[in-house]
Amino acid sequence: MISWNVHLTPKPNQLDIEFIVSNNGDSDVTLEFPTSQYYDYSIYDASNKEVFRFSKGRYFLQAFQYVNIPKGTKKVWKSSWDYTVQGKKLEDGLFMLKATLLPTKINGERPTKKFVATSEFSIPLFKDFTIEKLENGVLVTGKTFHSLTGYSYSVDDGHNELIKKTSLNTKNGEFSLELPLQTNSYILTIYNEEGKPVYVGSF
């Protein structure tokens, strides 16, 4: 009747997170929670070690909460994480987010399964940018921790769009863009598969 998903948007200084409960059934759904904590999530590094837990050190209202989701709709909670643990920013690498929905009852009945969603991301999403002057423009190269699908980029000078959205292709964690630009400064924006900006850099 309901599905549970997590959507991640890695940005240079933080990870934007959307937790999504969708009601795919033919009737409304009411979720019951024993506290004001509706979900929890943890971040794991490449060795599967937990490096961050959302609920650690947090306090929640100790009172029942009810969330109604009409049929055919969804409920979205948003959060963010600044890539730091105890004030220290994590080193570059590939990470996994594991999110759990925490209702004790669904339409008055105890759930028969756990609702867990996972998603990978990297810190940083892009790195090691290089700029090479060409006879008719510039060559921008960069690296990412894993191949990306559905990503695109655009270029502007702060006022005018110089290059409209174009598919960004990565191979073996690397990409290169030949930009036919005659300006000395420009802004490169990279978008994820949903068209949301995940990187903005001035060159």
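Three salt bridges are counted in this structure, which is a predicted model.

**Glu18 and Lys78**

One of the salt bridges joins the side chains of Glu18 and Lys78, with an N to O distance of 4.0 Å. Because Glu18 belongs to strand 2 (residues 15-23) and Lys78 to strand 7 (residues 74-81), this pair ties together parts that are 60 residues apart in sequence. The two partners can also be described by their accessibility. Glu18 counts as buried, since its relative accessibility is 17% and the limit for a buried residue is under 20%. Lys78, in contrast, is exposed, with a relative accessible area of 63%.

**Asp40, Glu50 and Arg53**

A second salt bridge is formed by Asp40 and Arg53, whose closest N and O atoms are 3.3 Å apart. This pair links distant parts of the chain, with Asp40 in strand 4 (residues 39-44) and Arg53 in strand 5 (residues 50-53), 13 residues apart. Arg53 also forms a salt bridge with Glu50, and here the closest N and O atoms are 2.8 Å apart.

| Residue | Relative accessible area | Class |
|---|---|---|
| Glu18 | 17% | buried |
| Lys78 | 63% | exposed |

**Asn192**

Asn192 is located in the loop that runs between strand 18 (187-191) and strand 19 (197-202). Although Asn192 is placed in a loop, the residue counts as buried, at 2% relative accessibility. When neighbours within four places in sequence are left aside, Asn192 is in contact with His7, Thr9, Gly150, Tyr151 and Val198. Of these contact partners, Val198 has a number that falls within the range of strand 19 (197-202).

**Summary**

Asn192, for its part, is a buried residue in the loop between strand 18 and strand 19.

Technical notes. Residues numbered from 1 in each chain as written. Predicted model: local features only at pLDDT ≥ 70, side-chain atom pairs only at ≥ 80, totals over all residues. Heavy atoms only, no water. Helix = DSSP H or I, 4+ residues; strand = E, 2+ residues; numbered from the N terminus. Buried < 20%, exposed > 50% of the residue type's maximum accessible area, 1.4 Å probe, protein only. Contact = heavy atoms within 4.5 Å.
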